[in-house]
Amino acid sequence: MKRIAYMSAILALLVFSGCSSKEPTIDATANGSVSGNGGANQMPTTQSSTGDNVAVIAPVTNANAADTSASTGASGADSAKAQGITSILFDYDKFDIRDDMQENLKINSGLVKNKTFKLEGNCDEFGSDEYNFALGLKRANAVKTALVNEGISADSISMTSLGEGNPICLEKTQECWAKNRRVDFKLP
Amino acid sequence: MRYWILFILSIITVWGTDTTLEVTKNVGALPKFVIEDGSVVSGLETKKFHKMLSADMKVVSLFEVDDTYAVQTFESSQPSLSHKEAGYILRYRLVNDGNGGFKAEVKLLQNSLELFTKTYLLKQSEMLVFLSHSIAYDINAKMGGAPLEWMKRKVLLVRLSGARRSEIVAADYTLAYQKVILSGGMYGFAKWANREQTDFYYTALSDFKPTIYKANLASGVKRSIVSSDGMAVCSDVSEDGSKLLLTLAPNGQPDIYLYDLMTNEKKRVTDYSGIDVNGQFMGSDTIAFVSNRFGNPNIFSKKIDSSAINQLVYEGKNNSSFTTYRHLLVYKTRDGDGFDLRLASLNNSGSRRLTSSGDNDYPRFSYDGEAVLHIKQEGSRSLVGIIRLGLNKSFTFPLHVGRIQSLDW
């Protein structure tokens, strides 16, 4: 009978110690962060007095959000439109001048002759950030090359890409996306 | 006596076998974890904080998180009545400090034993979600979880706010907190300049020529780095912050350049007549980049000092978005009806799909390669997703940010 009781005790010890391993083992004093006092009296008066037991989460930034050097840049495109200059449209993921845009380009070249102007390449909302900007720039460059072939001085043309950041149509339709794949002329 | 020894040895052997089985079973059975509000005055703010902590502790992935809200006296060593089954209790006491911030006292209990206590001081109440992230980070560290430093880091994004208008925004990893740090013009491609996230690069598109600036987050002081007619983008920053991969287009031709900040010298790395953009470091001597040299945008790699080009991705026809961490690559590719993210390595062939629903874009590795942040579109819902590569788990949070132009982490 004694043997049975002894064996039972050993078995119980083994079983209970086995059960405890089912939860992650925690060393309550391992990192010294345990405090029996809560922490109400541990609040430091300055950030420099913080220890492992107190964390200060500072503001992300105090910088002024307004960029005073930025310009709107929209008036130049309006000016070009007023003079009858039209935008050159492009196919999806393409930067070659379409046949139906050749006539518009010829008319535009006559209107911008002897003027300094900027070509702004634009894209639809497809494609990722940098690729879209590069696509917009390649479109502007294709228009520049065509204008130079029409006798416009390359030195009078500057270029930029606005990617998908200057849409003229916001609906999610094929017609709308087609309008956004374009190069605008911008006069000073 | 020898029979006794044999008997005990046989019990230990059998028990040891069972233990192994138990450990295997425990992989799927996580301890139950609850969060309790111990604030003196509980209300909307403290309940909101409970939700934030619940979400973060789910991302921690060490517990089975029961996100039911309950109140219990902060000092009590016992769980609330509805949390009797909990293995772990995280209890907080949130106090408005009267100066636009919060003080939070936190403790973690297991079987009435305090495993962890800490006090947090938050300077700005609108940054409450960062407080939650810090607590989750500390609990994870205390419990020996996988590295989670990325949880406390800031995300930098550019969002389009109108035609020819965009804003640079600093956010937390869930994009719940958003603070505009630059507005008033058109900007693009905001990127952290260093590991400490004290400075960042961005492109000003309102200038006469696109110009890359470096700005200080705390002071807002900026200085011009480089301008280029047509296009100027800081695509990547080397791990030590001393070199940049830029896309410049001095003659209307976008190519990738290596820019040394110590010498201010730039070196052209690609010279294809089509589109080469988005250079990303893969170690110290190799870059990956997007090119349309085979007709569609795809991802290639090359040694900085070599002209040989390697195609990295063979799936899909529009692979224009990717992120790298040393030899690893996560890229967007069309899979069926949507765009998925896949993980590949320079050292192995093949790839692993990381997402299974919606359209996924803007993948960004955390600085330590532990996680990938991305944007997911599911029908009309926008989400920000986090993939923990080591745990093979992903999480999403609702997103209200408008149209994103670029994202960095």
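**Start with chain B**

Select chain B: 58% of its 409 residues count as buried, meaning under 20% relative accessible area with a 1.4 Å probe and protein chains only. Before going further, note that this is a predicted model, where local features need pLDDT of at least 70, side-chain atom pairs count only at pLDDT 80 or more, and totals for chains, interfaces and linings use all residues. Residues are numbered from 1 along each chain as its sequence is written, chains are lettered from A and ligands numbered from 1 in the order in which they are written, and side-chain values use heavy atoms, with hydrogens and water left out.

Switch to cartoon view and you'll find three helices and 29 strands in chain B; these are DSSP runs, H or I of at least four residues for helices and E of at least two for strands, numbered from the N terminus. The C-alpha trace of chain B spans about 85 × 65 × 45 Å along its principal axes.

**Into the core**

Next, pick Met57(B), Leu90(B), Leu131(B), Ile168(B) and Tyr202(B), which touch the most other members of the 73-residue largest nonpolar core. Such a core is a set of buried Ala, Val, Leu, Ile, Met, Phe, Trp, Tyr and Cys residues joined through side-chain atoms within 4.5 Å. Now colour helix 3 of chain B (residues 128-142): this helix gives the core its largest share, eight residues.

Zoom in on Tyr202(B). Leaving out residues up to four places away in sequence, its contacts (heavy atoms within 4.5 Å) include Ile168(B), Phe189(B) and Lys222(B).

Last stop: select Ala134(A), Val143(A), Ile299(B) and Val313(B), which are among the 45 residues of a second, separate core.

How values were computed:
Buried < 20%, exposed > 50% of the residue type's maximum accessible area, 1.4 Å probe, protein only.
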